[in-house]
Amino acid sequence: MKNQNIAIINNYSSMSDKELIVLARQKDDRAAEALFFRHWSSMIKAALHHFNHFPFQNKADFMKMSTLEKEQELQSEIYVAFDNAVRDYDFKSCAF
C-alpha cells in the first residue's frame, strides 16, 4: 500500500498544472491536492501580502497573530479561491 501511494504521488508530481486541472475538474481529489500543495507557498505569500497591506475588517486582531496562526486562518479562504480558480481556469487566456 505504501509503495502504491508513493507511485501515485510521483505520478502526480510529474504532471503539468494543466493535466492536474483537467483531473481535478473530473473530481480527482488527489490531483487537486497535488496542485494545491504545488502552489501553496505562492498562495500563502500572496494572501499574507494582501492582508498585511490592505484594509479589512478585524485587521487589528489578525495583525496580532503569529505567522503560523495567520496561515491557519487563511488556509480555508485560500482553498475556496483555489477551488474557484481550478473550476474557472481558462486554458487559452492565461497561465495557472
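**Exercise 1.** Does F82 count as buried or exposed, and at what relative accessibility?

*Solution.* This is a predicted model. Start with the cut-off: buried means under 20% relative accessible area. F82 has 3% relative accessibility, so F82 counts as buried.

**Exercise 2.** Find which face of helix 2 is buried.

*Solution.* Take the helix, residues 17-25. Pick out its buried residues: D17, L20, I21 and A24. Now look down the axis of helix 2. The buried residues fall within an arc of 100 degrees, so they line one face. Just after helix 2, K27 takes a positive phi of about 70 degrees.

**Exercise 3.** Describe the largest nonpolar core.

*Solution.* The core has 20 residues, and L74 and I78 touch the most other members. Next, ask what supplies it. Helix 2, helix 3 (29-53) and helix 5 (67-88) each give at least two residues. Helix 3 gives the most, with nine. Then follow I78. Beyond its neighbours within four places in sequence, I78 is in contact with F36, W40, M43, I44 and A47.

**Exercise 4.** Trace the aromatic pairs of F36.

*Solution.* The whole structure holds five aromatic pairs. Take F36 and F37: ring centres 5.2 Å apart, planes at 85 degrees, so the pair is edge-to-face. F36 is buried at 4% relative accessibility, whereas F37 is exposed at 51%. Now take F36 and F82: centres 5.1 Å apart, planes at 70 degrees, so this pair is edge-to-face. F36 lies in helix 3 and F82 in helix 5, so the pair ties together parts 46 residues apart in sequence. Finally, ring pairs link F36, F37, W40, Y79 and F82 into a cluster.

Definitions and conventions
Residues are numbered from 1 along each chain as its sequence is written. This is a predicted model: local features need pLDDT of at least 70, side-chain atom pairs count only at pLDDT 80 or more; totals for chains, interfaces and linings use all residues. Side-chain values use heavy atoms; hydrogens and water are left out. Buried means under 20% relative accessible area, exposed over 50%, partly exposed in between (1.4 Å probe, protein chains only). Helices (H or I, at least four residues) and strands (E, at least two) are DSSP runs, numbered from the N terminus. The arc is that of the directions from the helix axis to the C-beta atoms. A nonpolar core is a set of buried Ala, Val, Leu, Ile, Met, Phe, Trp, Tyr and Cys residues joined through side-chain atoms within 4.5 Å. Contact means heavy atoms within 4.5 Å. Rings of Phe, Tyr and Trp (its six-membered ring) pair if their centres lie within 6.5 Å; planes under 30 degrees apart count as stacked, over 60 as edge-to-face and the rest as tilted.
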